[in-house]
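Please read it with the structure open.

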Amino acid sequence: MDIEKLEKLMKIIKNSKHLVFFGGAGVSTASNIPDFRGEHGLYNYTPEDIISHSFFKEHTKEFYEFYFDKMVYLDALPNDAHKYFAELEKEGKVSSVITQNIDNLHQLAGSKNVIEIHGTIMKNHCMKCNKYYDLKDILNKEIPPRCDCGGLIKPDVVLYEEGLNEDDINKALEEISTCDMLIIVGTSLVVYPAAGFVRYFRGKYLVLLNKSETSYDSNCDIVIHDDVCKVVNELKK
Ligand code: ZN
């Protein structure tokens, strides 16, 4: 790892007062949660086809089979990156974590202000009467899970063909446009609307930690291509 870059990053994190993390799938891979986009689909369907609103409506049972198999990881634990972000929040440096992940691991690590722009596996609602169900409730039901009213229960996860929650977008943009440092972690910024979000940044330092190159690298003050947990553990030293 580039020691000079790392030292510079350490220094600016130390001096930063209002930091925001913006994370993607790469933050969860060290918790053994693979990016479902890299998974095999079902029959002739790709994972992207399956995780769509129309597939959910037309093939609800198959949707849930894929969802429970590839997207819900009950035993997953927060890794060093999740813990690091939570520690910095406790110290008053981090105002929020904006995540594209749906796995609840930031909350498990202790982060309080988490904006889940793609929703969460923890919450579910009946599509007919809007009754709330938690993850445990639907795991105990037959697939596809139905509400007492007979309506279909849908996870509060944003599927393809669906819009993001407006409140979450507004909160995320407010955070990004007012922070003094934005650290983009474990995302190549190709999934809409992540790249668009970053354009709202007006602060001092834009940092990108990602395993591979992204089209956004040249816009950043510091770019480190490495495993997120490895970088975090160097920063903690
Ligand atoms: Zn209902």
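1. Ile184 has Leu208 of E8 as its bridge partner. This is a predicted model, and the pairing belongs to a set of five bridges that join E7 to E8, with the two strands running parallel.

2. Leu208 also has a partner in E9, namely Val223. Strand E8 covers residues 205-209 and is joined to E9 by three bridges, again in parallel.

3. Strand E1, residues 19-23, runs parallel to E7, and five bridges join them.

4. These pairings belong to an open sheet of six strands, in the order E3-E2-E1-E7-E8-E9 and with parallel pairing. The edges are strand E3 (114-116) and strand E9 (222-224), each of which pairs on one side only. From one strand to the next, the twist averages 15°. In general, strands of a sheet pair through backbone hydrogen bonds, in either a parallel or an antiparallel manner.

5. Is strand E7 covered on one face or on both? Both faces are covered: Met181, Ile183 and Val185 are buried on one side, and Leu182 and Ile184 are buried on the other. For strand E7 (residues 181-185), that is five of five residues buried.

6. Thr99 lies in strand E2, which covers residues 94-99. Its relative accessible area is 1%, so Thr99 counts as buried, the cut-off being under 20%. Leaving out residues up to four places away in sequence, Thr99 touches Gly23, His106, Val114, Ile115, Glu116, Ile117 and His118.

7. The structure holds one cavity of 30 Å³ or more, and the largest cavity has about 30 Å³ of space. Its lining consists of Leu9, Ile13, Phe21, Tyr84, Phe85, Ile183, Leu209, Val232 and Leu235. Helix H1 (3-15), helix H6 (80-90) and helix H11 (228-236) each supply at least two of the lining residues. By class, the lining has nine nonpolar residues, with no polar and no charged ones. Ile183, one of the lining residues, is also among the buried residues of E7.

8. The largest pocket has about 830 Å³ of space. It is lined by 41 residues, and those closest to its centre are Ala25, Asp35, Phe36, Arg37 and Gln100. Which element gives the most to this lining? Helix H2 (residues 25-28) does, with three residues. The lining of the largest pocket divides by class into 19 nonpolar, 13 polar and nine charged residues.

9. The second largest pocket has a volume of about 370 Å³. Of the 20 residues that line this pocket, Gly119, Thr120, Asp156, Asn165 and Asp168 lie nearest its centre. Two or more lining residues come from each of E3, strand E4 (119-126) and strand E6 (153-157). E4 gives the most, with five residues. By class, the lining of the second largest pocket has eight nonpolar, seven polar and five charged residues.

Terms used. Residues numbered from 1 in each chain as written. Predicted model: local features only at pLDDT ≥ 70, side-chain atom pairs only at ≥ 80, totals over all residues. Heavy atoms only, no water. Pairing = 2+ DSSP bridges. Helix = DSSP H or I, 4+ residues; strand = E, 2+ residues; numbered from the N terminus. Axes fitted to C-alpha atoms, helices over the stretch in contact; angles between N-to-C directions. Buried < 20%, exposed > 50% of the residue type's maximum accessible area, 1.4 Å probe, protein only. Contact = heavy atoms within 4.5 Å. 1 Å grid on protein atoms, 1.4 Å probe; cavity = no way out; pocket = protein on both sides within 12 Å on 5 of 7 lines; lining within 4 Å. Points joined across faces, edges and corners; volume = space filled by probe spheres on them. Nonpolar A, V, L, I, M, F, W, Y, C, P; charged D, E, K, R; others polar.
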